Amino acid sequence: MIDIRQQALELLLLTIPEQKVQGVAVLLQQSLDQPVKITQQALKVPELPGRPDKPDLVAPRDLPRRRNTAESGHAALIHAITHIEFNAINLALDAIARFADLPEDFYRDWLRVAAEEATHFTMLNAHLAESGKTYGDFPAHDGMWEMARKTHHDPLIRMALVPRVLEARGLDVTPKMMDKLRGSGDFKAVEILELILREEIGHVAVGTRWFNYLCDQRQLDPLSTFSDLLNIYFAGELRGPFHEVARKQAGFTDAEMAMLNSR
């Protein structure tokens, strides 16, 4: 019998991306083939995930400006997306390991998300290799993990702000990135991002599912709770345009979209 949360913690701590990716795939398959155990006591989850020495992590303002060309600027764009996907693996594993006393489906949902993010990372890193680069060759920022650290104490806030804000921004910006890559002739990257966009809708939907579940458990109104959290953590920082079709597919209500558009 496998303990999903304990195994997720061990994978979270791995520093070599290829080992993490392979381990996630194995754990997902084991969870489908074998009886599972869900440890309900709190685990000792570190503040930071396991990750390689590279890329160098810098403030967003210190990232070198990249240009979408066939030269290094193009590779830097692919690298930036690859970095997001690697972070997303760790975010899913962290949610499994960090938060106790939730239904088994919570952990299964996030394990599936971790496996899909691992596939995204692998595809992008392989594509990056075609330009002679690999993950870690460019600096990157740590914004996603900074928000994760701010939400370590509460799964409701994590569900609201990581999948439903940071990852949902990917739904908004990916179509424009696809247009840029299409314009540069990188149709392989466009194909990868088309897959990522489809699956990221599902990932944001997982965040929506569990945010609503936790609001129901605590007898909170989801709309006002989400709005309040945005005011606390993203005051004045979250603006459109929003990809309304994709967000609604991911579970955003008309009332939530009206609230976002009025900010």
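Q: How much accessible surface does the protein have, and what share belongs to carbon and sulfur atoms?
A: The accessible surface comes to about 12,400 Å², and 52% of it belongs to carbon and sulfur atoms. Such areas come from the Shrake-Rupley method with a 1.4 Å probe; for residues, only the protein chains shown count as cover. This is a predicted model: local features need pLDDT of at least 70, side-chain atom pairs count only at pLDDT 80 or more, and totals for chains, interfaces and linings use all residues. Residues are numbered from 1 along each chain as its sequence is written, and side-chain values use heavy atoms, with hydrogens and water left out.

Q: Why is Leu230 called buried?
A: Buried means under 20% relative accessible area (exposed is over 50%, partly exposed in between; 1.4 Å probe, protein chains only). Leu230 has 0%, so Leu230 is buried. Leu230 sits in helix α8.

Q: Which residues does Leu230 touch, not counting those up to four places away in sequence?
A: Among them are Leu161, Val165, Met259 and Arg263. Contact means heavy atoms within 4.5 Å.

Q: How do you know how α6 and α8 are oriented to each other?
A: Helix α6 (residues 155–183) and helix α8 (residues 222–233) pack at about 75 degrees, with axes 11 Å apart. That makes α6 roughly perpendicular to α8. The classes are: under 35 degrees roughly parallel, over 145 roughly antiparallel, 65 to 115 roughly perpendicular, the rest oblique. Axes are lines fitted to C-alpha atoms, for helices over the stretch in contact, and angles run from 0 to 180 degrees between N-to-C directions.

Q: What about α7 and α8?
A: The axes of helix α7 (residues 187–217) and α8 cross at roughly 110 degrees and come within 10 Å. Therefore α7 and α8 are roughly perpendicular to each other.

Q: Which residues of α7 and α8 meet?
A: Phe211, Asn212 and Cys215 in α7 meet Pro222, Thr225 and Phe226 in α8.

Terms used. Helix = DSSP H or I, 4+ residues; strand = E, 2+ residues; numbered from the N terminus.
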